Amino acid sequence: MLIKKTAANAIVSSEITPESVYKARRDFLKYSIHAGMGLAALSQAPALWATTAAHAFSTDEAQTPYKKVTRYNNFVELGSGKAYPAKNAHRLKTSPWSVTIDGEIENPGTYDLEDILKPHTLEERIYRLRCVETWSMVIPWQGFALADLIKRFKPTSKAKYVAFETLHDPKQLPGQRSRFGSFDWPYVEGLRMDEAMHPLTLLATGLYGKDLPAQNGAPLRLVVPWKYGFKSIKSIVRISFTEQQPPTTWNKQSPEEYGFYANVNPTVSHPRWSQKRERRIGHFFKQDTLMFNGYAEQVASLYSDMDLHKWY
Amino acid sequence: MVLKPWFKPSLFILCLLPLVWLVLGLIQDRYVEPLQALSHGTGDWALYFLLLTLSITPLRQLTGYTQLLRIRRLLGLFAFFYSLVHVLLWLVFDHSLFWQGMWADIIERPYITVGFLAFILMLPLALTSNRFMIKKLGGKRWQQLHRLTYVVCALGLLHYWWQIKYDMSHILLLTLIFVGLMALRRIKLTK
């Protein structure tokens, strides 16, 4: 069912890739083989392809500069305010790193990050990111579809949701030393299984062709581009498959303001501010916010029978 | 002791420095999100000047230095000036001078409602902050009108409170200062 959905919604590649680029890629492959690289070149081709070709889901909008992407962050664990996460980034040790994958799956366990990443080919996805605070960015991520990881770990029929957890270590994450005691650490997030399996949903390990900086959620983070940024949990240490809808941090913090779904929706206001418009970081004027952050064509069908004013 | 003739012009320039610093940041490309930096910066300074204005009376009572009253008007007008820039930034860049969107914001968003109300209430205060209007209104009525400053400051703080997501350290500090300044007045009044 899911594969069918993907095929129906997928953007035709010719819409994305100009013919000249397409031809250049073909030529590259042809010449590689002609040059006598033979099988070696062919086996490398998919990796090269992934980094050079624009992914069908990628936007061609102007990308937010690297400096801004890495200096304007909401990562309370590394400090409040937009600038502190970058200043405190050195405190977070991202290697070695392990991730526990458990719950309703066939083979639960704790794995080294390398072992988790090994079978996956990283690809670039240029996504819009819309924060619930009404600012937005365009970021070239490197990562792989969460769906590919989920398939590997074979969830059971009981798995209806996927829950995520950020590292809990106040030594490395000074924001977790509860000064005001207002947050219940660690940060937790979750997705419905169909959302987690959606081909747009990414597990990212890098941006702008570099490893993720700590302030952006190193070494492994979620990217769900049609939802407000707080759903895209950072520095993941646990992925659990659950039967019940898992608790999520901002929803626990202020349930009437932040829902479990948190889909970008210009028609549903935050109780204190409008979500109709947004300011792209670095721009002066605001622009209109798009339904599902511009990914309606891909994801609207997931919510076709839901009242999005109720399930915000 | 009388204020030296150079004092007021120097203070005037001093009061402009925050704006110079904010604009300089723009030129030096110091901000990741320039509009937010300018908007928050001018909003913060409007509140700082309001609190400074409100601290003159208690300070005069504590020190007995009556000349302080002569700089209060300047501080109050700068509070208005920074508020004006703050409102203009919102009007031009959030709404592109598009009035309909502006009204929707004011009506639907309580934090904007109180912020805008604070600004509107500052208008009569700014317009009567000159010798001519003081004479025209008479000292007592002028003073009564200018007690609105307390309301303006409280609304300004509320405007800030309603935007807080979790980090309340800054606004809490400003609120405590305001409460302290009001408490000093109360003590004086009941004596």
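Between chain A and chain B of this predicted model, 11 residue pairs are in polar contact, both partners being at pLDDT 80 or more. On the side of chain A that touches chain B, helix H4 (66-69) and strand E11 (277-280) each supply at least two residues. The residues on that side of chain A comprise 12 nonpolar, nine polar and nine charged ones. In total, 30 residues from chain A and 24 residues from chain B take part in the contact.

The size of an interface is often given as the accessible area lost when the parts come together. For chain A and chain B, the buried area is about 2300 Å², with 54% of it on carbon and sulfur atoms. Three salt bridges are counted between the two chains. One of them links Lys286(A) to Asp94(B), and the closest N and O atoms of that pair are 3.5 Å apart.

Thr134(A) belongs to the loop between strand E3 (123-130) and strand E4 (135-145) of chain A. The backbone at Thr134(A) has a phi near 75°, a positive value in a residue other than glycine.

Phe292(A) is another residue that has a positive phi although it is not a glycine, the value being about 50°. Phe292(A) sits in the loop between strand E12 (287-288) and helix H10 of chain A. With a relative accessible area of 4%, Phe292(A) is buried.

The segment after helix H10 (296-299) of chain A contains Ser304(A). The relative accessible area of Ser304(A) is 63%, over the 50% limit, and therefore this residue is classed as exposed. A polar atom of the Ser304(A) side chain lies 3.2 Å from the backbone oxygen of Ser301(A).

Now to the fold of chain A as a whole. Chain A has 10 helices and 12 strands, and of its 312 residues 53% count as buried. Taking the contacts in chain A between residues at least 6 apart in sequence, 70% join residues at least 24 apart.

Strand E1 (residues 98-103) of chain A runs parallel to E10(A) and is joined to it by four bridges. In this pairing, Thr100(A) has Arg238(A) as its bridge partner. Strand E5 (residues 161-166) of chain A pairs with E10(A) in the antiparallel sense, over six bridges. There Ala163(A) stands opposite Ser240(A).

Two cis peptide bonds can be located in the loops. One joins Trp185(A) and Pro186(A), with omega about 0°; Pro186(A) is placed in the loop between E5 and strand E6 (188-192) of chain A. Another joins Ala218(A) and Pro219(A), with omega about -5°. Pro219(A) is found in the loop between strand E8 (210-211) and strand E9 (221-223) of chain A.

Conventions. Residues are numbered from 1 along each chain as its sequence is written. Chains are lettered from A and ligands numbered from 1 in the order in which they are written. Side-chain values use heavy atoms; hydrogens and water are left out. Contact means heavy atoms within 4.5 Å. Buried area is the accessible area (1.4 Å probe) that two parts lose on being put together, summed over both. A salt bridge is a side-chain nitrogen of Lys or Arg within 4 Å of a carboxyl oxygen of Asp or Glu. A polar contact is a pair of N or O atoms within 3.5 Å; within protein, one must be able to donate a hydrogen and the other to accept it, and residues adjacent in sequence count only if both atoms are side-chain atoms. Ala, Val, Leu, Ile, Met, Phe, Trp, Tyr, Cys and Pro count as nonpolar, Asp, Glu, Lys and Arg as charged, and the others, Gly among them, as polar. Two strands pair if DSSP finds at least two bridges between them. Buried means under 20% relative accessible area, exposed over 50%, partly exposed in between (1.4 Å probe, protein chains only).
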